[in-house]
Amino acid sequence: MSYLADSKRYDVMQYKRCGRSGLQLPMVSLGLWHNFGNDHPLENSREMLRGAFDLGITHFDLANNYGFPNGTAEENFGRIFKQDFKSYRDELIISSKAGYYMWPGPYGDWGSRKYLVASCDQSLKRMGLDYVDIFYHHRPDPNTPLEETMAALDHIVKSGRALYAGISRYEAGLTRQAAAIMRELGTPLLIHQPNYNFFKRWIEGDLLDALNEAGMGCIVFSPLAQGLLSGRYLDGIPVDSRANLPNTFLTPANVTDELIGKLTQLNAIAQARGQTLAQMAIAWVLRQPQVTSALIGASRLSQIQDCVAALNNLDFSGGELAAIDAIIPGDRNY
Ligand code: NDP
């Protein structure tokens, strides 16, 4: 059946300016790392994308290597885009990235100009798009001059393959250098994509300050620590959960009794706030003024609906924050 987006799709979602740019992003965005590849039913992926857009999620985040096998998330997104979203292209922010292994030989990984431009062209082809809205360098490359990687991003934007450029996983010092190079080239970096959740708090060190200085936005990935910070594991490991599925980085060994004890305590705080644990974890990352959007993943539409409802309560008392810190102090190292 053809898709007609919900006419009320902009009534619920809140949008936030991305750094000092002209672009606003939904405060909850959807990533297609897992559950959109060929190892998952296309109809479920379609239901999630339609349902997300109906909730005002205008931003879908991809990368060359997403899905299993690599590249299939972009291919499946392209299929669904062609059938459902083509007429909504100007309402969508679609991103892709390159930086991890994609094809054999010296030109299919890391951060050379050769790799980034070729990979961007491959991503556009897989998705059937003329351009992506944001193209990222996915991770720092210690062996390629930063000037070369940034010049490649600048070229990708100036040649019309992308509207904006971003970086992911760059620590604060390198972010400052990258931002300075891109400003000089005339393509200011729009956004940084780091991980951030109760466990991983490294961005609170210097990165958020660096983003403020550079006028860059911040979209944080894995705000639920791949699902650990949700109600998913409170009673053990469900058979259909990421920790139990193949082709993922989360394993049953990550779900210890000690962790479940902490999650149970966190869940009590969330309940007292009138939220699910997932909603509290999302609200917590969004409390940082520099964080533009929480980039979630999902295996079913009901999870996306639950996550978006986090926006109903974004305020934390000092007592709540201290109680969360006491349960999980978090790691502040990069
Ligand atoms: P999350 O931390 O949001 O974890 C998503 C998982 O949490 C889901 O698959 C689901 O688990 C569970 N979940 C989500 N919502 C709920 C809910 N309301 N209730 C219960 N469980 C819930 O994010 P991801 O780790 O998936 O990462 C999100 C995106 O970030 C990726 O798709 C990608 O776009 C980006 N990313 C970027 C990286 C980078 O290097 N730049 C690295 C990693 C991710 P289950 O599947 O078990 O149901």
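Okay, let's start at a proline: Pro69 sits in the loop between β4 (59–61) and α2 (72–85). When I say helix or strand, I mean DSSP runs numbered from the N terminus, H or I of at least four residues for helices and E of at least two for strands. The peptide bond going from Phe68 into Pro69 is cis, with omega near -5 degrees.

Before I go on, a word on what we're looking at. This is a predicted model, so local features need pLDDT of at least 70 and side-chain atom pairs count only at pLDDT 80 or more, while totals for chains, interfaces and linings use all residues. Residue numbers run from 1 along each chain as its sequence is written.

Most residues other than glycine have a negative phi, and most peptide bonds are trans. Trp110, in the loop between β5 (93–98) and α3, has phi near 70 degrees. Trp110 counts as buried because it has 21 C-beta neighbours inside 10 Å. The cut-offs there: 20 or more other C-beta atoms within 10 Å is buried, 12 or fewer is exposed, in between is partly exposed, and the C-beta atoms are placed from the backbone. Then there's Ala225, in the loop between β9 and α7, with a positive phi of about 50 degrees. Ala225 has 19 C-beta neighbours inside 10 Å, so it counts as partly exposed.

Now the overall picture. How many strands make up the closed barrel? Eight, running β3-β4-β5-β6-β7-β8-β9-β10, with parallel pairing. Ignoring direction, neighbouring strands are turned by 30 degrees against each other on average. Pairing here means DSSP finds at least two bridges between the two strands.

Let me walk you through a couple of those pairs. Strand β3 (residues 28–31) and strand β10 (residues 293–296) run parallel and are joined by three bridges. Val28 has Ala294 in β10 as its bridge partner. Over at β6 (residues 132–137), five bridges link that strand to β7, again parallel, and Val132 stands opposite Ala162 in β7. As for β7 itself (residues 162–168), six of its seven residues are buried, so this strand is largely enclosed by the rest of the structure.

Is Gly217 buried or exposed? Buried, because 27 other C-beta atoms lie within 10 Å. If we skip neighbours within four places in sequence, Gly217 is in contact with Cys18, Gly19, Ser21, Leu25, Leu190, Ile191 and Thr292. Contact means C-beta atoms, placed from the backbone, within 7 Å. Gln193 is 24 residues from Gly217 along the chain, with 8.7 Å between their C-alpha atoms.

On to the ligand. It's surrounded by 30 residues, and the closest are Gly31, Trp33, Phe221, Gly227 and Gly297. By class, the shell has eleven nonpolar, 14 polar and five charged residues. Nonpolar is Ala, Val, Leu, Ile, Met, Phe, Trp, Tyr, Cys and Pro; charged is Asp, Glu, Lys and Arg; the others, Gly among them, are polar.

Helix α9 (residues 301–308) has Gln303, Ile304, Asp306, Cys307 and Val308 buried. The cover over those buried residues includes β3, α1 (42–54), α8 (277–286) and β10.

Now the helices. Val117 is in helix α3 (residues 113–127), and with 17 other C-beta atoms within 10 Å, it is partly exposed. Leaving out residues up to four places away in sequence, Val117 touches Ala152, His155 and Ile156.

Last one: a helix pair. The axes of α7 (residues 257–272) and α10 (residues 318–327) come within 10 Å and cross at roughly 175 degrees. Those axes are lines fitted to C-alpha atoms, for helices over the stretch in contact, and angles run from 0 to 180 degrees between N-to-C directions. So α7 and α10 are roughly antiparallel to each other. On that scale, under 35 degrees is roughly parallel, over 145 roughly antiparallel, 65 to 115 roughly perpendicular, and the rest oblique. From α7 the contact uses Lys262, Gln265, Leu266 and Ile269, and from α10 Glu320, Ala323, Ile324 and Ile327. By class, that contact has five nonpolar, one polar and two charged residues.

Methods. Contact = placed C-beta atoms within 7 Å. Near = placed C-beta within 6 Å.
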